[in-house]
Amino acid sequence: MMLALPAALAGMAAYRQFILYKLVPSVTRPGKMDKFPCDFRTGQVVSAHDPRYWTDAQTAMAACANYGSNYGVGFTFTNQDPFWFLDIDNCLQADNTWSPLAVSLCNYFNGCAVEVSQSGKGLHIFGSGKAGTHGCKNVNLGMEFYS
């Protein structure tokens, strides 16, 4: 069976920068999960910054399916790719709607890939193009930007 990235993420498939992660209950944040990067061949925890543990999208998705539901597929951002990632934390409101800021950002970045975060309370927006400084964080707005 051939697995495919969502259309908005298809451009990432040209880069061998995919990595598995394993979700485990957090020991420091009760009720939360932590993500640990893993070797796609063994499932063992590794450094996400070591290219030896990166693979292509197809291999990562197939390995993830074999390891089970507590594994996922991630993408390692580098200076050699054009991609960026905006993490918007806690933007699901009490009435189960997205905050005005989250809606505004999703509209602004129309055409980018958007996913709900692991917590179910945040959003991730993936795009490509000229990006700002890697690792910017705005605590007041609950956002982080990576490139």
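Which side chains does a polar contact of 3.5 Å join? In this model, which is predicted, the contact runs between the side chains of Thr76 and Trp54. Thr76 belongs to the loop between β3 (71-75) and β4, and with a relative accessible area of 10% Thr76 is buried, because the limit for that class is under 20%. Once neighbours within four places in sequence are set aside, the residues in contact with Thr76 are Gln17, Ile19, Ala48, Trp54 and Asp81.

One of those contacts, Gln17, leads to another part of the chain, the segment before β1 (18-25), where Gln17 lies. Its relative accessibility is 6%, so Gln17 also counts as buried. When residues up to four places away in sequence are not counted, Gln17 touches Trp54, Thr55, Gly74, Phe75, Thr76, Phe77, Thr78 and Asp81.

Side chains of opposite charge can pair when their charged atoms come close. The model has four salt bridges by the rule applied, and in one of them Arg16 is paired with Asp56, with 3.6 Å between the closest N and O atoms.

Arg29 pairs with Asp34, the closest N and O atoms being 2.6 Å apart; here Arg29 is partly exposed, at a relative accessible area of 38%, while Asp34, at 18% relative accessibility, counts as buried. Arg41 forms a salt bridge with Asp39, with a separation of 3.0 Å between the closest N and O atoms, and in this case Arg41 is partly exposed at 48%, whereas Asp39 counts as buried at 7% relative accessibility. A charged side chain can also be found over a ring: Lys35 lies over the face of Tyr21, at 4.7 Å from the ring centre.

A pair of aromatic rings is described by the distance of the centres and the angle of the planes. The structure holds 11 aromatic pairs, and in one of them the rings of Tyr15 and Phe83 have centres 5.4 Å apart and planes at 85°, so the pair is edge-to-face. Because Tyr15 lies in the segment before β1 and Phe83 in strand β4 (residues 83-88), this pair ties together parts that are 68 residues apart in sequence. Tyr15 is partly exposed, with a relative accessible area of 24%, while Phe83 is buried, at 10%.

Both rings belong to one aromatic cluster, which is formed by Tyr15, Phe18, Phe75, Phe77, Phe83, Phe85, Phe126 and Tyr146.

Key
Residues numbered from 1 in each chain as written. Predicted model: local features only at pLDDT ≥ 70, side-chain atom pairs only at ≥ 80, totals over all residues. Heavy atoms only, no water. Helix = DSSP H or I, 4+ residues; strand = E, 2+ residues; numbered from the N terminus. Buried < 20%, exposed > 50% of the residue type's maximum accessible area, 1.4 Å probe, protein only. Contact = heavy atoms within 4.5 Å. Salt bridge = Lys/Arg side-chain N within 4 Å of Asp/Glu carboxyl O. Phe/Tyr/Trp six-rings, centres within 6.5 Å; stacked < 30°, edge-to-face > 60°. Lys NZ or Arg CZ within 6 Å of the ring centre and 35° of its normal. Polar contact = N/O pair within 3.5 Å; in protein donor to acceptor, adjacent residues only side chain to side chain.
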